[in-house]
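Subject: Structure handover

Hello,

Here is the structure I promised to pass on. Please open it first, then read my notes below.

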Number of protein chains: 2
Amino acid sequence: MKLNKNADTRILIVGLGLIGGSYAKALKKKGYHVSAITKEQKSIDYALANDIIDEGTSAVDAGLIQQADLIVFALYPRIFLQWIEENQQYFRSGTILTDVTGVKGSVVYEIQSILREDVEFISAHPMAGKEVYGVENSDDKIFENANYIVVPTEKNSQEAIDLCLELGRELGFRSVSTLSPEKHDEMIAYLSQLTHCIAVTLMCCHDGDHLEEYTGDSFRDLTRIAKINDAMWSELFAMNKEALLAQMDVFYEKFEELRAALREDDMDHMRSMMRLSTERRGRFDK
Amino acid sequence: MKLNKNADTRILIVGLGLIGGSYAKALKKKGYHVSAITKEQKSIDYALANDIIDEGTSAVDAGLIQQADLIVFALYPRIFLQWIEENQQYFRSGTILTDVTGVKGSVVYEIQSILREDVEFISAHPMAGKEVYGVENSDDKIFENANYIVVPTEKNSQEAIDLCLELGRELGFRSVSTLSPEKHDEMIAYLSQLTHCIAVTLMCCHDGDHLEEYTGDSFRDLTRIAKINDAMWSELFAMNKEALLAQMDVFYEKFEELRAALREDDMDHMRSMMRLSTERRGRFDK
């Protein structure tokens, strides 16, 4: 199967929130036929009224599922697993499934192990987001400067991997690449989950009320992601527990190293850490 | 003394780097007579060629010092102390001195205690900056969205405090306020120094080479300030050691709280920390 514009390829989005809605918006603009199944009828109503989808329903509509060539699951991890268990009998043979889940090891293998043999699940992680929710905030521009990672296992066909990479390019991602589930989870634990842990921790340190007027850009930048969807992120943390704990341990150790240097007036050591961070961060700006 | 535009008030900047240069730029635009003394002749040449100052020298010019009504010290803390010790005989009686130093308790009292009785030092902290250095990067727009804090002690006159507040307004700061040296240092330890510690630590955790292509906005935001002037910041950390260690301890404890919640699968506790951080961070956006 190949992606085909001009309504030949029918794409079904399951879960029409911020990411699902942004997928729909981007793909419909490109000329694909886009349908949606989501929990709330008002999300469907909004998406239809704003030309984000071609059709949709808040019911699990067997007809809509069977028409789909490609189904994108934009659900919380546990709901995603449950949905597959309950509704996979409706898939048309040969349908390709993909997802947007932010953790992989604890999701991909389980989905693939319970899935019918005649459909294929190729996992992907669009590393894009906003601190707002719902289809009302969907915005395909969030993909422009972002990375899209396809996360295949040995169960995946090259055809499905290629299709999924093509989907990332069609969505408009700056960078499209592949990683194993294990490498993905390690990377995400460090680059995304640990940073969210830090931002949350920093905001929990003090009641910031009297500090607001002194708060500068640095503090705002470090805490922007402290506005967090607690239901989703606690689930993502728990589903990537070992990898995240390992990254928290590394951070903890390095933080203690800096703290000890300050405590012991070891200026050289403080400065060597600062020079290392400056050199490494500088490479991002190139 | 009051600030008087149209070249009646002569302002001398000692230390023409990023902040000193940005002060000069803002004040000259406003119509003040601005002179500068700095170490490197090439900084003076640049500032003269780009209309940032009216006159300047790389020598400690007694004439220039004596003509000044207001002197702004934009030097590293230890060099600032040393400069006062060596050159205070040149001040004209009645001159007002101010500074831009990022720590206060370990600076203000010492300066005031060694200073001649016939001049007055009123300390201030412009909470503005950039990750670049030197007069070549000076930019008075960095003050627009920033906070300016006057840090008086009981040795200061109301007249000097008012003058210093007026200076902050003339520079174009969004917010101008006063704090005691102790409150200032506690606030800066949390809002600025701790955030820099975290950014440095985060960059020191791993060699990011293979991670660059996956790095999203969150990680970039949290590590922007990891590009750090190690000479200046290690000095600022050391000069605010007790306050910063106290803030590092609070962070350490809260981070361990989140880590323990994850380790023990205590979803409720993780979520309560996330809800607290979301609620507190939300107040910044108002």
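Predicted model: local features only at pLDDT ≥ 70, side-chain atom pairs only at ≥ 80, totals over all residues.

Look at B:Ser106 first. Setting aside neighbours within four places in sequence, B:Ser106 is in contact with B:Met239 and B:Asn240. B:Ser106 sits in helix α5 of chain B. Is B:Ser106 buried or exposed? It counts as buried, because 20 C-beta neighbours lie inside 10 Å, and 20 or more is what the cut-off asks for. B:Ser175 is 69 residues away from B:Ser106 in sequence. In space the two are 24 Å apart, C-alpha to C-alpha.

Helix α5 of chain B covers residues 105–114, and its buried residues are B:Gly105, B:Ser106, B:Val107, B:Val108 and B:Ile111. What covers them? The cover over the buried residues of α5(B) includes the helices α4 (77–87), α7 and α9 of chain B. It also includes the strands β6 (120–121), β7 (123–127) and β8 of chain B.

Now the chain as a whole. Chain A has 11 helices and 9 strands. Its C-alpha atoms fill a box of roughly 70 × 45 × 35 Å along the principal axes. Chain A has 286 residues, and 51% of them are buried. Take the contacts in chain A with a separation of 6 or more: 72% of these join residues 24 or more positions apart.

Next, the two copies. Chain B superposes on chain A by a rotation of 180°, with 0.0 Å of shift along the axis and an RMSD of 0.1 Å. The two copies are therefore related as by a two-fold rotation axis. Which C-alpha of chain B is nearest that axis? It is that of B:Leu222, at 2.3 Å. Both copies use the same surface, and 100% of the contact residues of chain B recur in chain A.

The contact between the chains takes 72 residues from chain A and 72 residues from chain B. On the chain B side, these elements give two or more residues each:

- the strands β8 (147–151) and β9 (175–178) of chain B
- the helices α7 (181–204), α8 (217–223) and α9 (230–239) of chain B
- the helices α10 (241–263) and α11 (267–284) of chain B

Of these, α11(B) gives the most, with 14 residues. By class, the side of chain B that touches chain A has 39 nonpolar, 16 polar and 17 charged residues.

One helix pair spans the two chains. Helix α7 of chain A, residues 181–204, comes within 9 Å of α10(B), axis to axis. The axes cross at roughly 125°. α7(A) and α10(B) are therefore oblique to each other. Their crossing is right-handed. From α7(A), the residues are A:Cys197, A:Val200, A:Thr201, A:Leu202 and A:Cys204. They meet B:Phe251, B:Lys254, B:Phe255 and B:Leu258 in α10(B). That contact has 7 nonpolar, 1 polar and 1 charged residues.

Helix α7(A) also pairs inside its own chain. The axes of α7(A) and helix α10 of chain A, residues 241–263, come within 9 Å and cross at roughly 60°. That makes α7(A) oblique to α10(A). The crossing of α7(A) with α10(A) is right-handed. On the α7(A) side, the contact is made by A:Asp185, A:Glu186, A:Ala189, A:Tyr190, A:Gln193, A:Leu194 and A:Cys197. On the α10(A) side are A:Ala243, A:Leu244, A:Ala246, A:Gln247, A:Met248 and A:Phe251. The residues of this contact divide into 9 nonpolar, 2 polar and 2 charged.

Last, a backbone detail. Most residues other than glycine have a negative phi. A:Asp51 has a positive phi, near 60°. It lies in the loop between α2 (41–49) and β3 (55–57) of chain A. A:Asp51 counts as exposed, because it has 11 C-beta neighbours inside 10 Å. In chain B, B:Asp51 has a positive phi of about 60° and is not a glycine. B:Asp51 lies in the loop between α2 (41–49) and β3 (55–57) of chain B. B:Asp51 is exposed, with 11 other C-beta atoms within 10 Å.

Best wishes

Terms used:
Residues numbered from 1 in each chain as written. Chains lettered and ligands numbered in written order. Helix = DSSP H or I, 4+ residues; strand = E, 2+ residues; numbered from the N terminus. Buried ≥ 20, exposed ≤ 12 C-beta atoms within 10 Å, placed from the backbone. Contact = placed C-beta atoms within 7 Å. Nonpolar A, V, L, I, M, F, W, Y, C, P; charged D, E, K, R; others polar. Axes fitted to C-alpha atoms, helices over the stretch in contact; angles between N-to-C directions. Parallel < 35°, antiparallel > 145°, perpendicular 65-115°, else oblique. Left-handed = near helix turned anticlockwise from the far one by under 90°. Least-squares fit on C-alpha atoms with pLDDT ≥ 70 in both.
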